[in-house]
Structures are given as structure tokens and as C-alpha cells.
Amino acid sequence: MVRKIQPFQVVPALPANLEPLVEIAYNLRWTWDRESILLFRRMDQQLWESSGHNPIRMLGTLSQSQLDQLSKNSGFLAHLGRVKNSLDDYMGAETWFARTFPDREETRPLVSYFSFEYGITECLQIYSGGLGILAGDHLKSASDLGIPLVGVGLLYQGGYFRQYVNRDGWQQEVYPRNDFYNLPVRLVRDGQGNQVVVSVPFPGREVHAALWYAQVGRVRLYFLDTSVPRNTEADRFITSGLYNGDRETRIQQEILLGAGGVYALEALGLTPSVFHMNEGHAAFLTFGRVQILMEKGVKPFDAMAAVRASCVFTTHTPVPAGIDMFEDGLMRKYFTEPAARLGIPVEALLALGHGSDGGGTSLFNMAYLAIRLAAHCNGVSRLHGEVSRKLFSPIWPELPVDEIPITSITNGVHAASWVSLDLAELFDRYMGIAWRDDHGDDSVWGSVAMIPNEELWRLHERRRDRLISFARRRLVKQLQSRGAGAQELARAREVLDPRALTIGFARRFATYKRATLLLKDRDRLRRLLLSDDRPVQFIFAGKAHPQDNDGKALIKEIVSLGQDPDFRNRVVFLEDYDMVVSRYMLSGCDVWLNTPRRPMEASGTSGMKAAMNGVLNCSILDGWWIEGYGLDPEAGWAIGRGETYTDLPYQDQVESNALYELLEREIVPTFYTRSPGGLPVDWIQKMKVSIGTLSAAFNTNRMVRDYATRFYVPAERRAREFSADGHARAHQYRKARERIRAGWGDLEIVRVVKSPEGDVAVKAPLQVKAWVKLGSLTAEAVDVQIYYGQLDPDGSLIQPAWISMTSAGTIDDLTVFEGQLQSSASGLHGFTIRILPKYEDLLNPYEWNLVHWQQ
């Protein structure tokens, strides 16, 4: 029998003097505040661990007698007072943003940050890996810096899967459900206490989403949740899980995140100036914003110009397979009605997700949409910026790859969240507390040299001890779940050596990450692992995507190796990799191993966290490590020299050998070479270089400052200009684009001459004249350039440069342009003429994707 249930929420009955615990628990600033974490541990250490580090669940689970005892414990109350005062001081302090931009008087948010997943804390399981962890760290640093930012995401009922491995070594997945009412999130309610729900148009219906929020320091993060009674069962499924379902579920989730997120902000009365799309999942926010502007009377293509002026897009993928693409039929199903409401042909919307001619493939590319409707686009490391320019070059087929307007801001990590608590205490003593607030100050991090070698090393040894103990407990639990016998469990309690060189490999198990690269030479591996006087041991962790059988096969290979009687004391695979496992490994390993197939690692951030903890990186020169190793090679080791290969098995063989060479000749000897006092002095010096050099460069405070100064503040200024006077400037911009584009096809470079005609001496001027037929365009609407440089053996320009020419009058119907260039080196050089559009509101000359080359 179906019964009608009347829901109500039960909240903890706290004594009055403990009520500040609620505010502290619901502000996720506790996730990076040592004293707050110690406060929760102090309440009940065992419950803190069993609750998954969830203070909300703790408060609801503690018995009334425990709460009463705490309310009478003067030591606890003093601790609570310190934490509450610290939170109040943090929330009210002057921030970097306020000091840097004192003239900004806006009270509304500067930025809205949209991401498909957020990894803020282990008890809020709405993340799968690096993208979510990066998003969480972005919000934390935005809070530290005082960036006026709001986050937007989806609240998944199922979150990401939990992993276990069966007796055959094969990954299995389970999907526990999140209990939102026992998580550090709250429903958004209106002034009358009613739950706020937004409606999002879907084909033939509206989907309803409840709004929740989490407080992340000074930043508020809003979530949309479709598990509300008024939705159909199919629509409640939209937010049932992260990366679950079929392609239709995915497009529904992305419409909900993008367009629905925009509607949610509108419903809340929030009008941010800048919209940051963290990957292409959120790109449909551009359509939502166009619709809202049109409802306010802005014309369709004026609205697109205004939307583009204020959008930022960050891509995290180096390969097409990492981009969400949707079939034409699916796009038409979901966007024919919205296009009709907007008065825009659906083909015009679909063209935004295709190649330069609007065709080529029937798949709608979400990254193309985001790029076309964003003023600022970036990759997440310098190399990834280069890779992205090549990957997205079909949007600009006439533009040299190096000039494609995609830049880079290298990722970072939130130092206060990832430095272990005991190392943080050591930093406080010798470096002061400035490292917590100003992560990017080289002089602060350089103070790590003041830490005595013995003190740093003994602390690191204790962290390795903790890791080994944790790994043993975890392994025993894993084996118990598989039905292991007493003898096997007893052996598991003795695996690993707390004094052996410990190498960690923890990341997503995708084939390009090559987790088994070391297994190519079992005899060599055996000698390393089973050495009597200089043993090496490995701890692996990571999940494969549920549909990635190749990735699961890699896990099986490592699990099988750990079951081999010869290796089982030296190789361990830890199941269900999450933020808890990550913290133990990132602080307790000696070496952090990374073996991606270059250039397929966009950035990677786990190595940054390891570096902050004094764990030395050994990595292929890919992603962030090219920049990190380039700062100081003493900070770790590089596998190879940054080569790329077409023969992949050969690459694996070469780089596996290079890794063994590093281990045998450098890493192992350096670790085991001890001073008379028993200290590995050279190793400790490398730890200090790693901490002092890399931490200042690769943290999210530096990263978010870069976003603020390079993207957010300029985008806000441009958005304000475009929206003033009824979006008059956006209208002028759109009209200028239409006018110049209409006349572009009539451009013709009729004649080009240079003087002198013969050889030119180094640094001697070469005069160039070009006669150009402008048609309906004026000389003020074009930038005629000399594009020049040295030639390679194939006759192509090497690292070309360009110089704008000046108009020198007209002859008949031709306009003459003049310029001169100088060459600083001898050899064979060349030049050509090209024309780009020129308009005062162009952020860069490539915005309109117009370029005319000399034929």
C-alpha cells in the first residue's frame, strides 16, 4: 500500500553554549582550518572517522549526554571560542581583492563559477577526480582572496561511485546515496521559509530543481537538485548521479547546470558580471543568458555579443575524446523550441558547436560552443595551452596555430587544504602563518630552508609510518570483504616496511597514464623491490571509469602483482581512492610517480600537493611538471627530455628504461645515502627545494589571482560597457561585425613590392608597399600587416612576427599601405601580407574569425 508521507527535519538539540558549532560545521572553511578539524576530533575521535569527517552527521549522532558533557568542559569551550572567533575574523578581514581593486563599489558578485563537479571535502561526495578537486580549490582560494564569487553546480543524489575489487582483481562499483539533510548543505528558502524551486524548460515540459547551498568560507556555492516530488521519475533521475546514464541524461544534466544555473541565479536576485565555465559541461549557460537578455528586450545577436563579452572558458582536456559532443538529433530535440522562442533559426544555434563552416561533423561540440561565446579562453598549463590551440584550430582554419586566441593559466592547489596538519604546524613555527594566506610569496616559502634537517626528516618519517599503518588497515578491510582467511589477513597486517623508500602512484586509471609502465621489466623490478639493504615499495590507488575495461585491466594487473608471494610485501593497491586516501599518500610517500603519455596530461595537480608536503616528483615532462622541473631540477626528477613518439610500444620501452635508470642510479642511492647522524642530507635538501620553489608557483591563490587580473576584472569592465544604455555598445559591436563581415569577401591584395629588391643586410630596413582593394570597407576598418620571419627548408615561416602598415592614400580604387621591417639574423627570410579586422571593441583581432592572406 502506498502511503502519503509528511516529511519534517530533525535537528540537533544543542546546549546554548554549543550553538556556534552549527555555524562552524556549515561553513566549509573548517576543511582548511586546522583548529576547526581538531575541535571536531576532540568531540569524538572515533565518530569523526566513522562519519567520514562529516561534522553535521556528528552533531546529529552525538548523544545528549555527550553534548551536555561538552557544554560543561571548560577546555573544550575555550577551544570552541577560539575557532568561532577565528571564523568571525576570517569572514570580516580585509582581503587581497579589496586592497587590489579598491575602486570597485559593486555589491553584486563579480563572478559566477560553473562546474559539473566540486571536490571540497570527502563527506560531500559530488566529485570524481581532478576537475572537481580543482573546482573546490578554486572556490577556497576565491574565498581567501575575497573574490566576489558564487559557485553553481548540481547536487547528485548518488555522487560518484565507490570502488571495490573482487577476488579476481576486477574493479566493481557501488553507488551509495547522499543524505543531503546530514551533509553540510542547506536548502535555499525564501523570506517566508518556503523552499526555492526553479523551472527549466525541456521539450514539452518543465523540469523543476530545488536549490541548495554550501558556504565555502566567504563564497556561496549553489546546487540544483531535480529529486523533487513534482518531477516525473525520469526527470528526478537527472541529478541521480555524476557521470551516469546515457547521452540523453548527459545533455539534460548540462542543460540543467548551464541554463538552469543561470535561471537559478536570476531567481535568487544575483546578477554576476562574469560567467566562468569550468569545462564545456556548462556551456549551455550562454543560451540561458541570451534568453534572459532577450526577455529584457535585447535583440538576439546583441544579446550574444553581450554574453560573449562577459564569459570565461577553461578547457581541461588535451584530446577530442575528453570533450562532450551530442548528436544532431538530440540537439534538435532539446533546442528547436528554445530557438523558436528566441526567434533564432535552430541552425544558427547548432552552427556554434560545429567547425568553421558550420559543418564537417554532425556532432555538436560543447567546447566549440564555449569558445565561440567566451571572450577569454585558456588551457591549464603552458603545454596544454599549445595543445589546445592545435585541438581547436578547426574554429580558425586560416589562422596560424600559435596565434589562436587560447592562452593558459597553470593550475594550482589550495595549500592550506593539502599540507598535512603536522607539517603545517612546522611551517607555522619556522615560516610564520603567512604561507596560509599568501601562497604565492616566494620569500615566505623560501623560509623552509630555516627548518632543521633532522626535524623535517623525523616528521616525514612519522608521516610514512602513518601511511603504512593506514595501508595495512585498509588492506585488511579489503581482504575481509573478499572473504580472506586468517593467514592472509595476518600477512596483510605486516605488508610494507616503514623505513623503505616508498613510491606512490595515485590517479585515475586511464590507459594514457600508464600505471603499469614499471612492470615492463619484471626482473629489474624484482631486484628493486627485494633488495636487502635498499628496498623499494609501491603503493597504488585510483579508479577506472566504469565503462573503461582497459583501465580496469591495469588495476587487475597491479592487484595480481600484489598477490604474488614475492611481491606482496612491497606492492599494495588501496581501493576506493578518495580525498582521505590521497592525504595519507601525499604526505607519507617519498616519491610521487607520474607516467602519462605526453602530451596527454593537461596539467595534473596531485604532484603539486605532493611537492608542498616535501614528497619528490618523478614524472614525464608533461602538464605542470614541465614548468615545475624548469623552475629548479633539484625539486625532483624528469623521466626523459620531453620527447614525443609515434611508435607507442617503443615509447613505453624507452621511458620504462629511463625510469629504471633514474631509480637505480639517482633516486634509490640518494634516499639511502645517510650522514653519520643517519640523515639523507641530499634528499632533505631536495625536499626543501621542492617545498620552497614549487609551492609559491603552483597554488590556487596564485592561480585565482591570475584569473582575477587577466580575465575577471577586464571581463567585468567590458560587460559593463556592453550593457550600458540598453546594450547600445553591444548593438554597435554587432553592427560593426556584420558590416565588416559583409565586405570581407571583396578584399583583394592586388600588388605588393619591396625595396630594395635584392639582398638586405642584417637590421637594414626593407620597405614594403601593398595596393589593396577595400571594396565597401574603409582603411580604418582593417589592419594590413607584414607577416614575416626566417624560412625553414620547406619554405615555411619560423616563429613569424608581424608589423602593421599605415595607409598612404588611394590610387584609383586601391588603397596603398606602407611599412618596413628589419631582420636581426642572416639567412633566408620571407614575408607575406595579411589583413585582419580592426574595431575599438575587439578584445583581440581574431574574435570575428576573419583573416585575408596575400594570394
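Reader: How far is the sulfur of Cys311 from the closest cysteine sulfur, and in which residue does that closest sulfur lie?

Author: Before answering, please keep in mind that this is a predicted model. A disulfide is called when two cysteine sulfur atoms lie within 2.5 Å. The sulfur of Cys311 has its closest cysteine sulfur in Cys377, at 9.6 Å, which is too far for a bond. Cys311 also counts as buried, because its relative accessibility is 0%.

Reader: What is the distance from Cys618 to the nearest cysteine sulfur, and how many disulfides does a search of the whole structure find?

Author: For Cys618 the nearest cysteine sulfur belongs to Cys589 and is 13 Å away, and Cys618 is in no disulfide. With a relative accessibility of 1%, Cys618 counts as buried. Searching the whole structure gives 0 disulfides.

Reader: Let me turn to the strands: in what order do the 4 strands of the open sheet stand, and is the pairing parallel or antiparallel?

Author: In general, the strands of a sheet pair through backbone hydrogen bonds, and they may do so in a parallel or an antiparallel way. Here the order is E21-E22-E26-E25, in an open sheet of 4 strands whose pairing is antiparallel. At its edges are strand E21, residues 748–755, and strand E25, residues 806–811, each of which pairs on one side only. From one strand to the next, the twist averages 25°.

Reader: How should I read a pair of aromatic rings, and how many aromatic pairs does the count come to?

Author: One looks at the distance between ring centres and at the angle between ring planes, where planes over 60 degrees apart count as edge-to-face. The count comes to 47 aromatic pairs. One of them joins Trp32 and Tyr90, whose ring centres are 6.4 Å apart and whose planes stand at 75°, so this pair is edge-to-face. The two residues come from distant parts of the chain, 58 residues apart, with Trp32 in the loop between helix H1 (20–26) and helix H2 (34–43) and Tyr90 in helix H6 (residues 74–92). Trp32 counts as buried at 6% relative accessibility, and Tyr90 counts as buried at 11%.

Reader: At what angle do the planes of Trp637 and Trp683 stand, and are these residues buried or exposed?

Author: Their planes are at 40° and their ring centres 5.5 Å apart, so the pair is tilted. Because Trp637 lies in strand E20 (residues 636–639) and Trp683 in helix H29 (residues 681–697), the pair ties together parts that are 46 residues apart in sequence. Both Trp637 and Trp683 are buried. Elsewhere, one aromatic cluster is formed by Phe116, Tyr156, Tyr160, Phe161, Tyr175 and Tyr243.

Reader: Which residue lies over the face of Trp418, and which over the face of Phe671?

Author: A ring can also have a charged side chain over its face, as with Lys609, which lies over Trp418 at 4.3 Å from the ring centre. Over the face of Phe671 lies Arg674, at 5.1 Å from the ring centre.

Reader: Finally, where is Asp324 placed, and with which side chain does its own side chain make a polar contact?

Author: Asp324 is found in the loop between strand E10 (311–314) and strand E11 (325–326). Its relative accessibility is 11%, so Asp324 counts as buried. The side chain of Asp324 makes a polar contact, at 2.8 Å, with the side chain of Arg250.

Methods:
Residues are numbered from 1 along each chain as its sequence is written. This is a predicted model: local features need pLDDT of at least 70, side-chain atom pairs count only at pLDDT 80 or more; totals for chains, interfaces and linings use all residues. Side-chain values use heavy atoms; hydrogens and water are left out. Two strands pair if DSSP finds at least two bridges between them. Axes are lines fitted to C-alpha atoms, for helices over the stretch in contact, and angles run from 0 to 180 degrees between N-to-C directions. Rings of Phe, Tyr and Trp (its six-membered ring) pair if their centres lie within 6.5 Å; planes under 30 degrees apart count as stacked, over 60 as edge-to-face and the rest as tilted. Buried means under 20% relative accessible area, exposed over 50%, partly exposed in between (1.4 Å probe, protein chains only). A charge sits over a ring if NZ of Lys or CZ of Arg is within 6 Å of the ring centre and within 35 degrees of the ring normal. A polar contact is a pair of N or O atoms within 3.5 Å; within protein, one must be able to donate a hydrogen and the other to accept it, and residues adjacent in sequence count only if both atoms are side-chain atoms.
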